[in-house]
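Here is a short tour of one protein model. Keep the sequence and the 3D view side by side as you read.

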Amino acid sequence: LSFFYRNLLDRDTFSKSDPICVLYTQAIGNKEWREFGRTEVIDNTLNPDFVRKFIMDYFFEERENLRFDFYDVDSKSPNLSKHDFLGQMFCTLGEIVGSQGSRLEKPIVGIPGKKCGTVIVTAEELGCCRDSVLMQFCANKLDKKDFFGKSDPFLVFHRSNEDGSFTICHKTEVVKNTLNPVWQAFKISVRALCNGDYDRTIKVEVYDWDRDGSHDFIGEFTTSYRELSRGQSQFNVYEVINPKKKGRKKRYVNSGTVTLLSFLIETEVSFLDYIKGGTQINFTVAIDFTASNGNPSQPTSLHYMNPYQLNAYGMALRAVGEIIQDYDSDKMFPALGFGARLPPDGRVSHEFALNGNPQNPYCHGIDGVMEAYYRSLKSVQLYGPTNFAPVINHVARYAASVKDGSQYFVLLIITDGVISDMAQTKESIVNASKLPMSIIIVGVGPAEFDAMEELDGDVVRISSRGRFAERDIVQFVPFRDYIDRSGNHVLSMARLAKDVLAEIPEQFLSYMRVRGIKPSPAPPPYTPPIHVLQTQI
């Protein structure tokens with residue numbers, strides 16, 4: 001994260017302020033703010049561009065609240081209360097990343113009646129974590145280990161850890177009956193190969209494969225990412241050494257050689273590349289209004305409107321919605337209901353607008369969705385059956401009209417129950433798996449949710465009439481697994497959101513990859529405007 005500020009408050013009498021920025025992150029459970037870091041102090045300016053950047057871990061599925069406090073530094077003291085407060089700004093990490101070009105501009109607040117200026121925060125994903133390499137190796141004159149015939153060699157790659165131990169990170173296939181094998185090219189992420197550290201030792205062992213699993217050790221060599229990156233050259237021909245043999249035999253030279261044939265770096269595009277290039281995530285919510293939820297005026301109902309706390313529907317909606325809304329620029333969300341009788345004539349509907357306007361089912365922000373949900377509980381009659389296909393097809397119609405990668409659709413279905421239109425729903429999901437959309441299902445209440453597990457498709461890919469889903473797009477969780485007995489709903493809802501949203505970036509990328517859609521170029525990086533000093537004549 002980089003920071004630029006404009007028009008900070010001036011608290012110094014004879015000169016301009018000497019600003020510093022302090023970043024705080026918020027713990028999820030107890031909401032406590034913890035200091036994350038401080039920028040350097042810049043003397044005598046109201047428009048500082050801080051050099052120090054903050055490096056943070058970003059998770060799409062978590063809500064990371066941030067607070068930026070600004071002070072005018074008056075002494076060497078590290079104690080912030082000794083300095084003048086210039087204001088603060090609150091946002092989420094998702095809000096910065098989800099802004100156009102990952103650049104967020106917000107006013108500084110906190111001193112009543114004063115204009116405290118604006119802050120501009122830009123986010124940039126660090127690159128070294130995203131490269132993969134495609135490598136191919138061959139070997140010559142390896143030791144013969146098998147009594148009848150030659151060896152069956154394969155390679156095992158290990159990255160070294162901070163404590164000097166090694167972790168296996170790749171095994172090649174076995175090439176049968178040869179002392180001069182050529183292995184197939186393989187792809188591995190730079191992170192897995194050397195943890196992004198180009199000079200860290202990589203150990204490669206050569207084995208002779210045996211059917212009973214007692215593979216014979218032929219020898220080993222070490223290298224590093226930096227050495228390998230020189231590509232095919234005399235530097236990348238390695239002697240395979242067997243330390244035991246070397247110790248025993250005076251005339252031992254080596255147990256063969258391994259040669260690097262090719263080395264190609266590929267930069268993987270990430271979820272954030274698309275978001276930065278302007279892809280919008282559209283969020284739609286569908287709520288179950290079937291009679292099995294119970295009469296909303298009774299405390300036993302899953303739709304009971306308790307004046308003091310949210311019901312399960314409200315909690316699930318807020319937990320997921322508050323994270324996704326950072327990636328939708330207009331914050332207008334379609335909210336649908338299914339399984340109810342609508343006024344005035346009591347017809348049953350499986351896709352009605354919660355705000356009562358079928359032409360425009362959009363609600364403003366998550367608060368607007370909550371308001372429309374409460375309003376419709378008062379006007380519709382809970383009925384049945386529980387049909388999912390109509391709301392899935394509703395979102396699929398929109399998703400089918402924008403397949404260029406500029407938009408991705410997430411449908412959240414909150415339901416209490418056993419699904420009535422299983423065959424149609426499976427058909428809808430198989431069709432939707434070709435479209436830029438994902439479906440999250442949260443099951444509330446005590447029902448058996450076996451059918452939902454089948455829709456989730458994590459164990460067995462979902463199919464309909466012999467056709468399999470092109471990719472897994474459904475994530476199901478039972479709400480009851482997240483109820484905190486101690487009554488601390490904040491932590492449990494953060495866990496719920498994390499579990500249902502964690503798969504979305506990968507589902508999003510799998511759609512883009514299959515369709516060959518590259519991210520749009522990001523807008524040029526933000527460069528702060530030059531300040532013209534006005535001189536009074």
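How much area do domain 1 and domain 3 bury between them? The model is predicted, and in it the two domains bury about 1300 Å² between them. Carbon and sulfur atoms account for 65% of that area. Three residues stand out on the domain 1 side. Phe 60, Glu 61 and Arg 63 supply 54% of the area that domain 1 buries against domain 3, more than any other three residues.

**The domains**

| Domain | Residues |
|---|---|
| domain 1 | 2–122 |
| domain 2 | 131–267 |
| domain 3 | 280–515 |

The centres of domain 1 and domain 3, taken over C-alpha atoms, are 37 Å apart. Across the boundary, 13 residues of domain 1 are in contact with 16 residues of domain 3. One salt bridge is counted between these two domains. Glu 62 and Lys 498 form a salt bridge, with their closest N and O atoms 2.8 Å apart.

**The annotated span**

An unreviewed UniProt entry carries the annotation "domain: VWFA" for residues 282–483. This span is 29% helix and 26% strand. Its end C-alpha atoms lie 28 Å apart.

**Helix α7**

Does the length of α7 agree or disagree with what its residue count predicts? Helix α7 has 15 residues, 365–379. At 1.5 Å a residue it should span 21 Å, and its end C-alpha atoms are 22 Å apart, so the two values agree.

Which residues of α7 are buried? They are Gly 365, Ile 366, Gly 368, Val 369, Met 370, Ala 372, Tyr 373, Ser 376 and Leu 377. An α-helix has 3.6 residues a turn, so residues three or four places apart point the same way. The cover over the buried residues of α7 includes strands β16 (280–288), β17 (332–338) and β21 (362–364). Helix α6 (312–324) is also part of that cover.

**A residue in a strand**

Now look at Val 410, which sits in strand β23 (residues 407–415). Is Val 410 buried or exposed? Its relative accessibility is 0%, so Val 410 counts as buried. Leaving aside neighbours within four places in sequence, Val 410 is in contact with Ile 281, Asn 282, Phe 283, Thr 284, Ile 324, Ser 438, Ile 440 and Ile 504. Pro 436 is 26 residues from Val 410 along the chain, and 8.7 Å separate their C-alpha atoms.

Notes:
Residues numbered from 1 in each chain as written. Predicted model: local features only at pLDDT ≥ 70, side-chain atom pairs only at ≥ 80, totals over all residues. Heavy atoms only, no water. Helix = DSSP H or I, 4+ residues; strand = E, 2+ residues; numbered from the N terminus. Expected span 1.5 Å × (residues − 1). Buried < 20%, exposed > 50% of the residue type's maximum accessible area, 1.4 Å probe, protein only. Contact = heavy atoms within 4.5 Å. UniProt positions renumbered as here; feature names shortened; annotations may be inferred. Domains from an automatic or database assignment. Buried area = accessible area lost by both parts, 1.4 Å probe. Salt bridge = Lys/Arg side-chain N within 4 Å of Asp/Glu carboxyl O.
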